[in-house]
Amino acid sequence: MKEHNDENLAGKLGEFKGNRPRRRKTVTLKTLLLLLLFTSIIISAVFGYLYYLEQKPVNSVLPLINNKPPEFRFSIYEGQNRFSHPIAVAVYNSSNIYISNNRNHTVEIVGPNGKSKGVIGRAGDLPGDLMFPYGIDFLPDGAILIAETGNYRIQEYSPEGKFVKNFLEPGNKAGIQKPGPICVDKRGHIYVGDLSGNQVVKFDRNARVLERFRNISYPHGIAVDVERNKLYVSDSGASVVKVYELEGETERELGETVTEPQRVIDSITPGNRFSMVRGVAVDGNGRLYVVDTISGRVRVFDKNGGYLFSFGQPGSGDGEFVYPVGIHVDDSGKIYIADWGNNRIQVWGY
């Protein structure tokens with residue numbers, strides 16, 4: 001009886017042992033299927049998010065891309081007239097590019113593909129004429145403001161490029177002696193750099209003075225970041241960028257703390273200062289772009305003033321600059337630079 005029970009027990013144990021590998025195999029297969037399902041869900045979610053980012057409007061939030069420099073895209077060489085020392089560039093609704101063709105005394109209008117779409121002005125001092133046009137920007141209703149260093153005035157044109165009136169007359173009561181750069185912020189306030197008066201003056205739509213920012217030698221660049229309450233002005237005489245609260249108090253100066261690999265520092269004057277600052281611009285992420293003219297580069301800072309990177313180099317090839325001056329960043333993140341010495345506009349992007 002005991003032997004029989006032992007045989008039955010041994011048989012049952014044998015069955016149990018024989019079944020164990022099969023049960024392990026079943027558990028492993030289920031685990032593998034669950035892992036595959038979980039992985040596929042994660043991959044689908046990642047690709048879905050990337051697709052969502054691709055479909056977002058271009059003017060929402062610009063990509064940081066790990067703070068990588070932008071890449072050269074193409075150059076615009078001429079509009080209706082050949083460019084002769086273009087000094088400033090501005091873009092309206094990513095559709096029309098306006099270029100101060102300084103030595104030809106015109107403002108050229110080209111499309112995103114670089115093809116000519118018209119011209120504003122001609123050499124002269126009559127209403128609608130231009131003499132050494134410099135700054136360009138747009139009022140909220142689409143009207144165009146163009147500053148002339150030759151005629152010492154700012155003229156207003158319709159969105160179609162027709163003369164409307166003088167925004168500022170020569171010898172104006174505001175005391176602007178030689179208007180250069182213009183910047184219109186999102187509230188419609190107009191900032192004008194006075195190249196001879198060493199100041200930036202803030203106006204309302206009716207040319208009434210709202211505020212003055214003084215002791216700025218040769219302010220060749222203005223950028224306003226309303227969201228962060230900042231005004232940036234290039235002080236070309238001191239080779240720094242002055243940063244103001246919009247109320248007018250100086251916060252700090254950029255230019256003394258640029259640190260880069262030796263191959264780039266070689267082209268900067270001693271003390272790691274800018275070689276010569278001209279145009280400035282701010283993108284949708286609050287990054288500040290500073291045209292470092294003599295070094296043939298654009299230097300980029302984060303919204304806190306920390307140095308990020310530079311792009312470009314001296315020369316006449318693609319992505320190279322000779323005395324770059326004006327700069328504009330549009331809502332899609334494209335960067336337009338007036339390459340004064342090469343008689344062209346360069347377009348960069350991320």
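This is a predicted model: local features need pLDDT of at least 70, side-chain atom pairs count only at pLDDT 80 or more; totals for chains, interfaces and linings use all residues.
How do the residues of the lining of the largest pocket divide into nonpolar, polar and charged?

Residues are numbered from 1 along each chain as its sequence is written, and side-chain values use heavy atoms, with hydrogens and water left out.

**View 1. The largest pocket and its lining.** The lining divides into 27 nonpolar, 11 polar and 10 charged residues (Ala, Val, Leu, Ile, Met, Phe, Trp, Tyr, Cys and Pro count as nonpolar, Asp, Glu, Lys and Arg as charged, the others, Gly among them, as polar). Look for Asp137, Val184, His328, Val329 and Asp331, which of the 48 lining residues lie nearest the centre. A pocket here is an open set of points on a 1 Å grid over the protein atoms alone, where a 1.4 Å probe fits, with protein on both sides within 12 Å along at least five of seven lines; lining residues have an atom within 4 Å of a point. The space amounts to about 1300 Å³, filled by probe spheres set on the points, which are joined across faces, edges and corners. Strands β2, β6, β10 (179–184), β14 (219–225), β18 and β24 (324–329) each supply at least two lining residues (strands are DSSP runs of E, at least two residues, numbered from the N terminus).

View 2. The structure holds 11 aromatic pairs. Tyr92 sits in β2 (residues 86–92) and Phe138 in β6 (residues 133–138), so the pair ties together parts 46 residues apart in sequence. Tyr92 is partly exposed at 25% relative accessibility, while Phe138 is buried at 9% (buried is under 20% relative accessible area, exposed over 50%, partly exposed in between, with a 1.4 Å probe and protein chains only).

**View 3. Phe321 and Trp348, a stacked pair.** Their ring centres are 6.1 Å apart, with planes at 20°. Phe321 is buried at 2% relative accessibility, and Trp348 is buried at 6%.

Technical notes:
Rings of Phe, Tyr and Trp (its six-membered ring) pair if their centres lie within 6.5 Å; planes under 30 degrees apart count as stacked, over 60 as edge-to-face and the rest as tilted. Helices (H or I, at least four residues) and strands (E, at least two) are DSSP runs, numbered from the N terminus.
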